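Thanks for passing this one along. Here are my notes, in numbered points, to read with the structure open beside you.

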Amino acid sequence: MKWCHVPVAGHPLLGVADASGSIELLRLVPSEQDTWTLQPCSRLALERQCLALSLDWSTGKAGRASDQPLKIISSDSKGQLHLLRISEAGPGLQAVVTWQAHRFEAWVAAFNYWQTEVVYSGGDDGLLKGWDTRTPGTAAFSSRRHSMGVCSIQSSPHRENVLATGSYDEHVLLWDTRSLWRPLAEVPVRGGVWRLKWHPFHRDLLLAACMHGGFTIINYQTAAGFTVTGCPLNTACPVSHEFEEEQEAVSLSYPLPNSLVYGIDWSWLYFCRLPQTQPSFPGSDPEARTADQDPALKVADPSPAPSSECLAYSDGVGRTTHQDGSKLEAPLQPSAEDKKDVRLPTSGIKICDSDQDLEAADFDINLLATCSFYNHVLHLWKWENI
């Protein structure tokens, strides 16, 4: 499931790729008593006897030209890619073109957010491929740099020409899309990389769902010997950086025992710290909506304790601290009597409601969510990059 990053016909729009082989659109509409409902508005079957395995919107970065068509790229279990166009008046789905991309399952398809005629795909055949959707019959490039199936791809919404890919081979690769003969950086993680998500505000932070390895936050800015803003992205520099130790680029790695982490995402909320002289208890400032008061921020049930192999360690107060000082408050745990209505415990912090608060935002405070297989749990985490 992925949200479109721009409203469509005045509503937020959710795209869903499902096991029946269909793509479905649902719009978020107001309902009674200040609640919201997802209302199905369009559905398109991709192919008979297949699974729809992924989708991506063409609107992944901020800003969209008025004449830019709204598109979805999807992949299926037969190794095919499907380009769809959205009729915004309905909204409705229209098939544009379908082509064979991989011999086995096409686990993932993704747009180049800066040049939306270009898409990328990853398959169980271990190939990463690039395509020009105007001439989809022949791949623009094909790479076997990953040693196993490629299952996650995301174009950077912050930097043109930057692409991240992940694989069952337990490596995250960073690419310059102008020169795809070798990756810019290679980061080993602990588990197959099923999902990758760039941070909506931090251009160097990348979140990875690592299946049996839990989840990992990669910070390319602090990686020893490598900078995303340096030579590799601004010149035709042939240097490739391979981090022999995970800690060189990893800000935090958190295993979830007895589970497989398949889904991850960052929250697009950003926070402002209240002045110390200003009380942060409910009712002290009717204009400052604190996270404690926000009914939309519900808290997940507790997860199992981290294993001894976790790179982080517990500081005894419900937090996890990595070697670089970052802290993960996890899990955000409700009390027994208040499980039905729990607020995020972030005293002294308010949610920024408008762009006017952006200058005062503290981008070192982040919310992220994970969902996992076997234990069927959705977790909400607060991470402080300090």
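**Notes on the predicted model**

1. Three strands make up an open sheet in the order β27-β23-β28, and their pairing is antiparallel. Its edge strands are β27 (349–351) and β28 (361–362), each of which pairs on one side only. Strand β23 (residues 271–273) runs antiparallel to β28 and is joined to it by two bridges. If you want a place to look, Cys272 has Ala361 in β28 as its bridge partner.

2. Now the overall picture, keeping in mind that this is a predicted model. The protein has 30 strands and one helix. Of its 386 residues, 53% are buried. Among contacts with a separation of 6 or more, 57% are between residues 24 or more positions apart. The exposed surface comes to about 17900 Å², with carbon and sulfur atoms supplying 50% of it.

3. A word on confidence. The mean pLDDT of the protein is 80, and 72% of the residues reach 70 or more. Over residues 278–321, however, the pLDDT is below 50, although the model gives this stretch 105 contacts beyond near neighbours in sequence. Residues 227–239 also stay under 50, and there the model has 27 contacts beyond four places in sequence. Please read the details of both stretches with those pLDDT values in mind.

4. Is strand β7 mostly buried or exposed? Six of the eight residues of β7 (residues 80–87) are buried, so the strand is largely enclosed by the rest of the structure.

5. Strand β6 (residues 71–76) pairs with β7 in the antiparallel sense over five bridges, and Ser74 stands opposite His82 in β7. Three residues lie between the strands of this β6 and β7 hairpin, where Gly79 takes a positive phi near 85 degrees. With strand β8 (residues 92–100), β7 again pairs in the antiparallel sense, over eight bridges. Arg85 has Gln94 in β8 as its bridge partner. The hairpin of β7 and β8 has four residues between the strands.

6. The structure holds two cavities of 30 Å³ or more, and the largest cavity has about 60 Å³ of space. Which strand gives the most to the lining of the largest cavity? Strand β29 (residues 365–373) does, with three residues. The lining of this cavity includes His199, Phe201, Trp266, Tyr270 and Asp362, as well as Ile365, Asn366 and Leu367.

Methods
Residues numbered from 1 in each chain as written. Predicted model: local features only at pLDDT ≥ 70, side-chain atom pairs only at ≥ 80, totals over all residues. Heavy atoms only, no water. Pairing = 2+ DSSP bridges. Buried < 20%, exposed > 50% of the residue type's maximum accessible area, 1.4 Å probe, protein only. Contact = heavy atoms within 4.5 Å. Areas by Shrake-Rupley, 256 points an atom, 1.4 Å probe, with all protein chains shown as cover. pLDDT = per-residue confidence, 0-100. 1 Å grid on protein atoms, 1.4 Å probe; cavity = no way out; pocket = protein on both sides within 12 Å on 5 of 7 lines; lining within 4 Å. Points joined across faces, edges and corners; volume = space filled by probe spheres on them.
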